Amino acid sequence: ELNNNLTNKTRVSYHRNADTANYHYGPFHPMKPFRLRLTDNLVTGYGLHNIMDLYEVDLEQNYNINMLEDKILKFHSKEYLNFLKNLNDNSDQENKKYLIKNDIDDNDCPIFHGLYKYCLNYTSTTLSAVECIKQKKSDIAINWSGGLHHAKKFKPSGFCYLNDIVVGILDLLKTHARVLYIDIDIHHGDGVQEAFYLTDRVFTISFHKYGGYFFPMTGALQETGVAKGKNYCLNVPLMDGIKDYEYTQLFKSIITPLVESYNPECVVLQCGTDSLGYDRLGTFNLTVKGHGECVKYVKSLGIPLVLVGGGGYTPPNVSRAWCYETGIANDLILREKLPDNLPFKDYYSPDYSLYPELGDSILTDMNSKTFLNDTRIRLLEQIRYLQG
Ligand code: TV1
Ligand code: CA
Ligand code: ZN
């Protein structure tokens, strides 16, 4: 009994919905749900599906849609949910009216075929992961199709329609007193921050690029929460080109005292992979190993953990990172050579490696030592307010 945690394997559950990868935002849109198929093929190719608890989420089969919609309505407005639900039945004019009234950017958030089903898919998959944590069936529960951190109460934003993270955390709060939300997507986790800005029961921290009109233009160091939520929010604004060593050092040096002070009962980690080098939209220089180092570190805290996806716009790198991190969750360091007979193997040329080198055509690191040090000192100062 005493040795249980030392000898037993981490209990990992992997939550997926085979249908989610089939949706299309449009031919030129950077968000490609197909990256989920690449991820799943890689995870399966390495044999990881054999050592995890697999949950195949299927809306028709396992889910009571009314219960699901009730959970979504704990965050989203009835009017917005109805808008998404009735997109096909409404006239184009009615839909246009809602878009205009709510200042919705339908280039970023197009209305594509089967949109509502897509939204319910990734949200129910996050709720499936949350359920395993609530029932203490898993130490780590994974949903790579979730992590859509920009969606707001009344509207979609930045490729995100329903905020599966907020809906998931609200459900977690029924059993867990304090939830820590960590966001390593290159974009600011504005939707999650905003949802919990007034409460001390959810601590949100986002690492992101900030400045130069980079979307969503929020996430300044000065945004730290309001009222009961004052000091229960942190932001780590960064500049182009940050590399593994600097990023992971900063990450650990902040997360360590934060966890010590806040003492969360559960962690939700958004693992957006647009912070990797050569991302189509991102401008950081993390490698698969550096990105995964953050996951490894959070796992080492030994707190129940939900892993969700997020951004990531160079599909083969998205799948490399999420597969590597699925390995990490299972205490495995996967071999560099990709599995034989891997579907879509040509996507991984020319290196066919899980850990390709970044090469020379990367952006210059604009984060000076003094900038990073000043940022760290200010963040540690913020964390000290928690004890008092
Ligand atoms: C259609 C076709 C849409 C090509 C959107 C990049 C496109 C972008 C497109 C794009 C694009 C954004 C803005 C625009 C401010 C808006 C999943 C003036 C080549 C979590 C969301 C980024 C990131 C939104 C989501 C951003 C996530 N960047 N080509 N759109 N308006 N929107 O800047 O955090 O990763 O870029
Ligand atoms: Ca972020
Ligand atoms: Zn992003």
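Where is the place of Lys136? Lys136 sits in the loop between helix H7 (115-134) and strand S3, where helices (H or I, at least four residues) and strands (E, at least two) are DSSP runs numbered from the N terminus.

## About the model

This is a predicted model, in which local features need pLDDT of at least 70 and side-chain atom pairs count only at pLDDT 80 or more, while totals for chains, interfaces and linings use all residues. Residues are numbered from 1 along each chain as its sequence is written, chains are lettered from A and ligands numbered from 1 in the order in which they are written, and side-chain values use heavy atoms, with hydrogens and water left out.

Strand S1 covers residues 12-16, and because five of its five residues are buried, the strand is largely enclosed by the rest of the structure; buried means under 20% relative accessible area, exposed over 50%, and partly exposed in between, for a 1.4 Å probe and protein chains only. In a regular strand the side chains alternate between the two faces of the sheet. In S1, Val12, Tyr14 and Arg16 point one way, whereas Ser13 and His15 point the other way.

Two strands are said to pair if DSSP finds at least two bridges between them. S1 is joined by three bridges to strand S3 (residues 140-143), and these two run parallel; within S3, Ala141 is the bridge partner of Ser13. S1 is also joined by four bridges to strand S2 (residues 53-56), again in parallel, and here the bridge partner of His15 is Tyr55. From S1 the chain crosses through helix H2 (residues 34-45) to S2 in a right-handed β-α-β crossover, a term used if, with the strands pointing away from the viewer, the path from the first strand over the helix to the second runs clockwise.

## Helices H11 and H12

Two packed helices are described by the angle between their axes and the distance between the axes. The axes of helix H11 (residues 288-300) and helix H12 (residues 315-329) come within 9 Å and cross at roughly 30°, where axes are lines fitted to C-alpha atoms, for helices over the stretch in contact, and angles run from 0 to 180 degrees between N-to-C directions. That makes H11 roughly parallel to H12, since angles under 35 degrees count as roughly parallel, over 145 as roughly antiparallel, 65 to 115 as roughly perpendicular and the rest as oblique.

Contact means heavy atoms within 4.5 Å, and the residues of H11 that meet H12 include Val288, His291 and Val295, while those on the H12 side include Ala321, Tyr324 and Ile328.

## Backbone features in the loops

Most residues other than glycine have a negative phi, and most peptide bonds are trans. Lys136, however, has a positive phi near 55°, and it counts as exposed at 58% relative accessibility. Tyr213, in the loop between S5 and S6, has a positive phi near 65° and is exposed, with a relative accessible area of 74%.

A cis peptide bond joins Phe215 and Pro216, with omega about 0°, and Pro216 is found in the loop between strand S5 (202-209) and strand S6 (233-238).
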